[in-house]
Amino acid sequence: MCSFTNWLGLWLSTVYIYGMLCAFFLPFYMPKKQKGTKYKIIGFSFLATYFILQFIKDKYNFGITGNAFKREIVYAINSFISALAVMTFSGLSTLFANESRKKLITRANYDQLTGIYNRYALNKILEDNLKNKAPFHLALADIDFFKKFNDTYGHDVGDEVLKSITDIFVKNVKPNIKVGRWGGEEFLFISNAKISYEDFKESLNNIRKIIEKKEFNLLGNKLKINISIGTGEYKENIKVEKLIKKADDNLYKAKENGRNQLVG
């Protein structure tokens, strides 16, 4: 009986293992399953069992008796488990916090539908270029008759048009040109100083031709899609607003001249 009591005391004295399990289960597993009632019941059952075990150990004085060396071992195990639990909990908390931070940054800088830069990120790129006094060129591209796709086929097809055009941009744009969704069906291209204005325009015009020649099969609808592009050339000390307006004016001219062309 004494032997049984000692072994039971040993097990109850290392109940910190169970506590560590609770520490992991509740903050990391439960939030992912918070919609399920059964998972809440399981979680609170873990906690209840932990406190019951602690109560039994303290109430009936189940501990390691008659052997100081055994007690020291148990206390050492408890200390180690407690430290391990704290370190692991802190490490996982930091890991999850970093993941959440990355997700927030992604949401802040990338368009949810297309996955490319959004307007906020594009403005930041433009600000950085001005701060570094780095020459750059701009282009605004717009999908021709985009409203017709939404009105005729529905917004689901319209979204697929945006994603398909974005995919072509990403696959064919040069490494020294950045592209993002400026708003609606309009996209903004920003070059860096390593590409000339003529090369910049040629690269974008090649993309326009790729789109022009392609037949898109979107949600069972075979579609022809065209884009119009307006560009703006960097001039020393030019303001971003003026450069964007230049590209926008040229985009308007492309629309007025029949669409499916680049003006710059």
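The following legends describe close-up views of one predicted model. Residues are numbered from 1 along each chain as its sequence is written, and side-chain values use heavy atoms, with hydrogens and water left out. Because the model is predicted, local features are given only at pLDDT of at least 70 and side-chain atom pairs only at pLDDT 80 or more, whereas totals for chains, interfaces and linings use all residues.

**View A. The contact of helices H6 and H7.** Helix H6 (residues 146-153) and helix H7 (residues 155-172) have axes that come within 6 Å and cross at roughly 145°; helices (H or I, at least four residues) and strands (E, at least two) are DSSP runs numbered from the N terminus. The axes are lines fitted to C-alpha atoms, for helices over the stretch in contact, and angles run from 0 to 180 degrees between N-to-C directions. On the H6 side, Phe 146, Phe 149, Asn 150 and Tyr 153 meet His 155, Val 157, Gly 158, Val 161 and Leu 162 of H7, where contact means heavy atoms within 4.5 Å. The residues of this contact divide into six nonpolar, three polar and no charged, with Ala, Val, Leu, Ile, Met, Phe, Trp, Tyr, Cys and Pro counted as nonpolar, Asp, Glu, Lys and Arg as charged, and the others, Gly among them, as polar.

View B. Lys 171 forms a salt bridge with Asp 167, the closest N and O atoms being 3.2 Å apart; a salt bridge is a side-chain nitrogen of Lys or Arg within 4 Å of a carboxyl oxygen of Asp or Glu. Both residues lie in helix H7, four residues apart, about one turn of the helix. Lys 171 is exposed, with a relative accessible area of 63%, while Asp 167, at 36%, counts as partly exposed; buried means under 20% relative accessible area, exposed over 50%, and partly exposed in between (1.4 Å probe, protein chains only).

**View C. The salt bridge of Asp 142 and Lys 255.** A search of the whole structure finds 11 salt bridges. In one of them the side chains of Asp 142 and Lys 255 meet at 2.6 Å, N to O. This pair links distant parts of the chain, with Asp 142 in strand E1 (residues 138-143) and Lys 255 in helix H9 (residues 240-256), 113 residues apart.

View D. Among the buried residues of H8 are Tyr 197, Phe 200, Leu 204, Ile 207 and Ile 211. Glu 212 forms a salt bridge with Arg 208, the closest N and O atoms being 3.7 Å apart. Arg 208 is buried at 9% relative accessible area, whereas Glu 212 is partly exposed at 31%.

View E. Strand E2 (residues 177-183) is mostly covered, with five of its seven residues buried. Six bridges join E2 to E3, which run antiparallel; two strands pair if DSSP finds at least two bridges between them. The hairpin has two residues between the strands, and Gly 184 in the turn has a positive phi of about 60°. Arg 181 stands opposite Phe 187 in E3, and Phe 187 is buried, with a relative accessible area of 0%.
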